[in-house]
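Me: I am new to this structure. Walk me through it in short questions and answers, please.

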Amino acid sequence: MRAPISWLREFVDLPESVDDLRTVLDDLGLVVEGIEFVGEGLEDVVVARVDEIHAIKGADRIRRIVVDAGAGPLEIVCGAWNFEVGNHVPLAPVGAVLPGGFAIEKRSMRGVVSNGMLCSARELRLSDDHEGLMVLDDVITPRIGQPIVEALGIEPDVVFDLSIEGNRPDAWSIVGVARDLAARFGRPLREPEYASPTPGTPTATVASGEIDASDLCGRLTVSLLRNVRVGPSPSWVVNRLERAGMRSISNVVDASNFVMLELGQPTHPYDAERVNGSTLRVRRARTGESLVTLDGVTRTLAKPGRGLGDTGEDCVIVDGADEVLGLAGIMGGESSEIGLSTTTVLLEAAYFDPMTIARSSKRHGLRSEASHRFERGVDPELALRAVARFVSILRASVPDLEWLDGPIDVRGDVPEPSMVLLRHDDVERSLGTALPVDGVVANLRALGFAVALADAGDLVVTAPSSRPDIRTGAAGRADVIEEVARIHGYRRLVRRTPTWPQPGGLTPRQELRRRIRQVMVDLGVDEAWTPTLGSETSFALTHDGSTPIRITNPLASDESILRPTMLSGLVAAWGRNIERGLLDVRLGEIGVVFTHPRDAASARRTRGGAGGKVDLDLPLENERVTVVLGHRSDDATSAATLWTLIANRLGLADVVIRAVENPGAGAHPTRSAALVDRASGVVLGVVGEVDPQVIDLVAGVQGRRLGLLDIDLDVLADTQAVRRRSQRVAVPGRYPSAVIDLAFVAPLSLHAADLGHALSSATPLVESVILFDVYRGANLAAGTRSLAYTVRLSSADRTLGDSEVATLRDELIVVAGQHGATLR
């Protein structure tokens, strides 16, 4: 919102500098996005009369203009076309410097020398109008050679471009901003000049107003104005509108816009001769009705809503014949538009339900300054004061304007102002600073709050009707304290460094995530963030037969299912990188997947009961780590290597890789295995490769292998289910160790890790056991394989002799035999 400082000074004394005011406005929450200095750089611009207009040979966009600025004929090359001979326009002669530092120089175009520049209003920074030159005859009686600042009555001004939050509807006006400044500086807030109705004919004898939808319209006032003469507005009205960012149209329309900017209350003037029965009635639009709005667009009303909670209802203004005149609170219709022939005006000032206006505005794609304010909440008690101000402005150009007595005022459902109990210590507990009660009361009253003293120093605070953002209860208490802090000044609050008896740090879960991320990064894995919502197709591809979790209001049909796995999203992301020529990509994600309540219990049983009780009314949320290894050399062994590094970094005691019949959703059926804690039997996840069918259907890539690692972070974080190694470091022995190799023929059902663990536990003198070879061949019995281990033997207090090593070797062979393995 643009707020000229000259307009603000009409309501409060502001001797402070521009920089000081900017600081105060920022502190009040009325953030200054920019500052514009008006009237600077116009000292050399003068009024010139257009005497001749000539075409330039070979040019169809520029013309040679001869003007007179009081010193004789002057040739100018100009590209504007909105003027004619005899018009008066602003001339910036050679040597002038326009606002923004633009210097005017003599230039030659198409062989014609231009001795200056004819200016638009935007080039002079007087408004945003740049559709052509600023034709001065439309607004003043110009005199050639007269300085433009003198001709237009321009005084230097400063315009603040303010960013007003949506929850501050009271600040969407000049008076609202001035009220905040007056409260901060402790100065009185002046009221604008209001007109009074003309005694005599009551409005109700010649006009009427009705509300048929009291929930959509809380208040409707109808006033009738006679002796209206439509014409230009006074220059001071035009200047203020233009500095506030609005274009002057006519004195009637300008008065309406002026009041909206100044007080925050939109009004709408109708040509009374074009309104049947001089009647304004508010009702719901009916299906099939249409309206041609002031922008010339035909709009179909009462359309089905497209947004959440939008019923498709439009609130409309109709006349005595039930013909639609306007879309309430947004824009009027062409049928009753003010024109040059208008002599009698019906003036509407109302309060409309904010959500109704917001939904209609969005549905029709129609935003206006009025709808912007109505959808945030206009003061329902402001309507007649706004009418009085409208009449006062219009009488500046129409002195004999008659405002009929007793304007019509009809009430519907108007929200009641909030009432809040502010306890004596609430302010100090919230702000950390004790403020005197008198100061708190003064600040609130300066903002229009009604404050009454209660028992024990408590305050009963009633919000003004202009503050619908103030809530009730504890939330309202916080709102009121925020207002106290704003006016007192956040910079004046005592600063304190927060203290906490316990130093901060990562939780065990956060530490676990961080360690896993570090290993992933070390191996060149890029962290990805894939969608939480997927399609029915991707769900069926990996979890066919399971129950999907559908959301009720998806934004798109392919984003309607909560993901049961992150694998599909990662494979799709890998595929998009392949399409763009990135052939070696490793992607990983730490995120949550979801299981339907019907499948949750079985999912918990499969995981060995880790995680506790299952709530059968809610989906099971499971945090997992999923990695897709997509380098051209990656396969199941790459995934196994990644898991080994993660297990070592986390200090996992005894998690082994075991072949299972169904390794997991989306995993290769024969080149994937389960990660199992050997002692507890809990499944931690899957390691191996991605199912080629998933790669083909999701990424559209064939003939590539993708390594896969999928870990259940909930289980991994459970220290009871997954044991950790002791963190104590073993001191290396002083004596030489003995190394022997043993090859066993073992049944396929015997896991290599189980046999290795049995050998390690056979005697305390076993330092390490490492599997170095697995062999299958025709010379072995069916259903068997050869497992070869390197066993290192050592003692902390002696060197093992040959006979002792031989005895230990025999013991290891016996232990292996107990597990069904024989020495090869």
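Me: Is strand β35 largely enclosed or open to the outside?
Reply: This is a predicted model. Strand β35 covers residues 673–677. Five of its five residues are buried, so the rest of the structure leaves β35 largely enclosed.

Me: Which residue in β35 stands opposite Val655?
Reply: Strand β34, residues 655–658, runs antiparallel to β35. Four bridges join the two. Opposite Val655 stands Asp677.

Me: In β36, what is the bridge partner of Ala673?
Reply: β35 is also joined to strand β36, residues 683–689. Four bridges link them, and they run antiparallel. The partner of Ala673 is Val687.

Me: Which residue takes a positive phi in the hairpin of β35 and β36?
Reply: The hairpin has five residues between its strands. A positive phi near 75° is found there, in Gly681.

Me: How many disulfides does a search of the whole structure find?
Reply: Take Cys78 and Cys119. The closest cysteine sulfur to that of Cys78 is in Cys119, 9.3 Å away. A disulfide needs the sulfurs within 2.5 Å, so this pair is too far apart for a bond. Over the whole structure, the number of disulfides is zero.

Me: Are Cys78 and Cys119 buried or exposed?
Reply: Buried means under 20% relative accessible area. Cys78 has 6%, and Cys119 has 0%. Because both values fall under that cut-off, Cys78 and Cys119 are buried.

Me: How far apart are the C-alpha centres of domain 4 and domain 6?
Reply: The domain assignment places domain 4 at 419–489 and domain 6 at 738–823. Their C-alpha centres lie apart by 80 Å.

Me: Where does Arg125 lie, and what is its relative accessible area?
Reply: Arg125 has a phi near 60°, a positive value in a residue other than glycine. Its place is the loop between β11 (116–118) and α3 (148–151). Arg125 is partly exposed, with a relative accessible area of 39%.

Me: In which loop is Asn227 found?
Reply: Asn227 is not a glycine, yet its phi is positive, about 65°. Asn227 is partly exposed, at 37% relative accessible area. Its loop is the one between β15 (217–226) and α5 (235–243).

Me: Which residue in β24 stands opposite Arg226?
Reply: β15 and β24 run antiparallel, joined by two bridges. Strand β13, residues 198–202, is also joined to β24 by two bridges, but these two run parallel. There, Thr198 stands opposite Leu404. Opposite Arg226 stands Glu402.

Me: In β28, what is the bridge partner of Leu453?
Reply: β27 and β28 pair over four bridges, in the antiparallel sense. β28 covers residues 459–462. The partner of Leu453 is Leu459.

Methods: Residues numbered from 1 in each chain as written. Predicted model: local features only at pLDDT ≥ 70, side-chain atom pairs only at ≥ 80, totals over all residues. Heavy atoms only, no water. Buried < 20%, exposed > 50% of the residue type's maximum accessible area, 1.4 Å probe, protein only. Pairing = 2+ DSSP bridges. Domains from an automatic or database assignment.
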